[in-house]
Amino acid sequence: MKKILIILLGPLLLGPAGFFLGKMLAPPPVVPEPVPIEAHATANEILYKMPLGKFTIQVMQPKDILHIMIDFDVYIAGASEFERLNGSNGRTRLRDATISIVSDMAETTLWIAHGEEKNLDYAVLAEDITRKLHRQFGAIRTAKINLFYSARSSRK
């Protein structure tokens, strides 16, 4: 009977004691150093060029119609984002968003005064368009206007 009691009570009493003593004798866990998080584009980030092509916008003004043709390229960060947006659906959404942004800019601010088409700063214009595109497509980092052509016709 004593043997059965020792066999049953030994593990029941010594098991929890060993568990708690093992926790006290174990070395403390190693805490990894925090890694700095980089929020946006870095110098080492690879940008992929996606040409959106040429598009034409007509801006109705009080006395004339302004016709604007823009050839536009965007630069996307990350190969996976480029692959996702490079398909026909992604490219169409990106192109439609760009046309919408440019036409809204042209119509709401009466964008270009008569005779000011030649003095337009393309880098600032591309930066404004990029900033608005970045809200919808987070992977877009920058853009470039390859061609900007404007012509006026009288409104009858």
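## Helices and the sheet

Helix α2 (residues 79-86) runs at about 45 degrees to β1 and lies across β1 and β2. Helices (H or I, at least four residues) and strands (E, at least two) are DSSP runs, numbered from the N terminus. Angles run from 0 to 180 degrees between N-to-C directions, with axes fitted as lines to C-alpha atoms, for helices over the stretch in contact. Helix α4 packs on the sheet and touches β2 and β3; the direction of α4 makes about 120 degrees with that of β3.

## Basis of the model

This is a predicted model, in which local features need pLDDT of at least 70 and side-chain atom pairs count only at pLDDT 80 or more, while totals for chains, interfaces and linings use all residues. Residues are numbered from 1 along each chain as its sequence is written, and side-chain values use heavy atoms, leaving out hydrogens and water.

## Strand order

The open sheet has 3 strands in the order β1-β2-β3, with antiparallel pairing (at least two DSSP bridges between two strands). Its edge strands, β1 (47-60) and β3 (140-154), each pair on one side only. From one strand to the next, the twist averages 15 degrees.

Strand β2 (residues 64-77) pairs with β3 in the antiparallel sense over 13 bridges. Ile 68 has Ser 150 in β3 as its bridge partner.

## Thr 130

Thr 130 is in helix α4 (residues 122-136). Thr 130 counts as buried because its relative accessibility is 9%, buried meaning under 20% relative accessible area (1.4 Å probe, protein chains only).

Leaving aside neighbours within four places in sequence, Thr 130 is in contact (heavy atoms within 4.5 Å) with Ile 140, Arg 141, Thr 142 and Ala 143. A polar atom of the Thr 130 side chain lies 3.5 Å from the backbone nitrogen of Ala 143.

Notes
Buried < 20%, exposed > 50% of the residue type's maximum accessible area, 1.4 Å probe, protein only. Polar contact = N/O pair within 3.5 Å; in protein donor to acceptor, adjacent residues only side chain to side chain.
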